[in-house]
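Hello,

Here is the structure for your files. My notes follow below it.

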Amino acid sequence: MSTKTPSRLEKILASGNLAVTSECGPPRGSNGDTITKKAEMIKDYVDAINITDNQTSVTRLCSLAACIRLKLMGLEPILQMVTRDRNRIALQSDILGAASFDIFNILCLSGDHQSFGDNPQGQNVFDLDSMHLIQTVRYMREEGKFLGGDDIDRPPRMFVGAAVNPFADPFEIRVPRLAKKVAAGVEFIQTQCIYNLDKFELWMKQARDRGLHEKVYILAGVTPLKSAGMAKYMKNRVPGMDVPDEVVERMSGVPKEKQPEEGIKICVESIQRLKEVEGVRGFHIMAIEWEEKVPEIVEQSGLFPRPKVE
Amino acid sequence: MIVAERKPIEEIMGFAKNCKKILMVGCNECVTVCYAGGRKEVAILASALKMAFKKDGKGLEVTEVTLERQCDHEYLEEIRNIVDEHDAIVSLACGVGVQFMAEKYLTTPVFPGVNTRFMGVTEESGVWSERCQGCGECILGQTAGICPISRCAKRLLNGPCGGSTNGKCEINKDLDCAWQLIIDRLKALDRLDDYEEIIPIKDWSTERAGGPRKVVREDLKQ
Ligand code: SF4
Ligand code: SF4
């Protein structure tokens with residue numbers, strides 16, 4: 001497949017290699033070293049690094065500034081951008097800011113509702129939704145224009161991604177929803193963390209039946225469980241998360257000090273199985289506040305070393 | 001209708017604390033239907049206020065009136081003769097009525113007796129819920145008759161988000177996910193394929209974002 005942007009992630013995917021991405025959450029403060037330290041830990045094991053945008057609506061150092069730090073380290077950031085906090089003026093403006101530092105990847109999200117975060121009394125914006133943000137970046141890139149119709153001097157060259165959750169309800173529209181994002185212009189997808197592999201495989205099959213796997217690169221999302229407590233929390237408390245009982249039981253079945261190891265094992269086994277699923281083009285490893293484990297997950301899954309592209 | 005809830009009595013006592021005689025005005029429209037500011041609520045609030053003042057060793061006189069509407073000149077005019085006899089007006093109409101009252105009676109303080117909540121329906125006895133945010137460019141024709149602007153917590157025009165669980169919204173297990181409702185209804189209409197049409201970026205200039213709004217009908221103007 002030919003590439004449309006200078007994105008390294010796009011090149012790796014287009015070359016047919018399985019891609020590996022991971023993510024870093026910015027700190028709750030202005031200490032930029034936190035980001036660079038996390039990135040140092042994983043940089044040789046991943047092709048690109050997502051920087052989350054005030055995830056779960058908790059105020060943090062901004063995604064754009066953190067992405068610039070990665071870029072200055074010579075790494076490949078994926079700018080996550082939610083439509084919750086900015087209107088179309090601010091979104092386009094931040095896209096240009098990122099483009100001015102040659103940030104070549106963006107992940108378009110609507111974002112969690114602010115009621116989950118540290119400012120539940122704040123306003124939300126939602127001038128656009130994630131579908132519209134995808135359209136906006138593609139329009140800016142392809143047409144070289146702002147939404148308002150004026151020309152952009154040096155348009156952004158960004159590889160456009162989005163998230164999908166194959167496990168949210170209602171299940172019957174989860175593939176149509178992917179199709180809709182593809183129609184909006186999305187080029188790569190990172191999925192919600194996969195624990196229910198059977199259900200994911202069913203979703204993937206339905207996506208293949210519609211040929212969607214040939215229109216968009218799908219990166220399967222995985223998150224290593226640190227403890228049985230975390231498994232239960234994810235199962236019961238996180239909206240749209242599907243953690244089967246077997247997984248919770250497997251984590252609870254080992255002594256506490258062995259649970260992190262078991263979590264990594266489950267994660268690696270999942271990757272091994274998902275590698276065989278047609279249409280899975282890579283992995284998005286979300287090791288939440290556990291970035292130091294990314295290298296061993298990548299190694300044990302047989303995804304190391306990472307391919308070189310110019 | 002416009003759904004409102006009565007303010008806590010303490011707050012209303014605060015408004016009236018330096019008054020000897022107040023005019024309490026109910027409204028016979030929406031706030032009557034949602035039991036917040038009709039004739040009955042005026043009577044209840046008036047006696048509660050008088051009792052509370054008495055307990056504090058103060059006297060309060062309350063004149064009770066309920067108008068047909070407070071959002072039209074003709075009904076508001078009905079109290080013109082008595083307004084000046086009062087130290088303040090407490091209006092139990094929605095925020096619209098309270099303001100129109102204040103615009104009309106410039107020298108008498110006007111206080112709100114209710115918190116105006118939303119435009120909605122009576123779901124069942126004692127339960128009201130929101131249905132419309134007056135966006136000025138109705139898209140119900142594209143959303144199977146269910147409004148994602150007022151009923152989806154993120155106003156997603158192309159939902160649902162990844163947080164929709166068992167038909168409920170990610171922010172609250174007691175809240176229906178608007179997009180689940182839209183999909184259920186598309187299914188019932190045998191139009192599920194319509195789901196894949198992207199609803200375009202919305203022009204919000206007809207909504208609050210565009211500034212205070214006004215409708216002018218030249219054919220009806222005098
Ligand atoms: S689309 Fe706009 S006008 Fe129509 S019900 Fe929703 S908010 Fe009201
Ligand atoms: S769960 Fe449904 S109603 Fe709630 S924010 Fe998501 S799409 Fe909107």
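Chain A puts 33 residues in contact with 29 residues of chain B (contact: heavy atoms within 4.5 Å). The two chains bury about 2,500 Å² between them, 53% of it on carbon and sulfur atoms. Buried area here is the accessible area (1.4 Å probe) lost on putting two parts together, summed over both.

This is a predicted model: local features need pLDDT of at least 70, side-chain atom pairs count only at pLDDT 80 or more, and totals for chains, interfaces and linings use all residues. Residues are numbered from 1 along each chain as written, chains are lettered from A and ligands numbered from 1 in written order, and side-chain values use heavy atoms, without hydrogens and water.

Between chain A and chain B there are 2 salt bridges (a side-chain nitrogen of Lys or Arg within 4 Å of a carboxyl oxygen of Asp or Glu). Arg210(A) pairs with Glu196(B) in a salt bridge, with the closest N and O atoms 2.6 Å apart.

Now the ligands. Residues around ligand 1 (a heavy atom within 4 Å) include Cys132(B), Cys135(B), Cys138(B) and Cys147(B). Those around ligand 2 include Cys152(B), Cys161(B), Cys169(B) and Cys177(B). By class, the ligand 1 shell has 7 nonpolar, 2 polar and 1 charged residues. The ligand 2 shell has 8 nonpolar, 1 polar and 2 charged. Cys counts as nonpolar and Gly as polar in this scheme.

Best wishes
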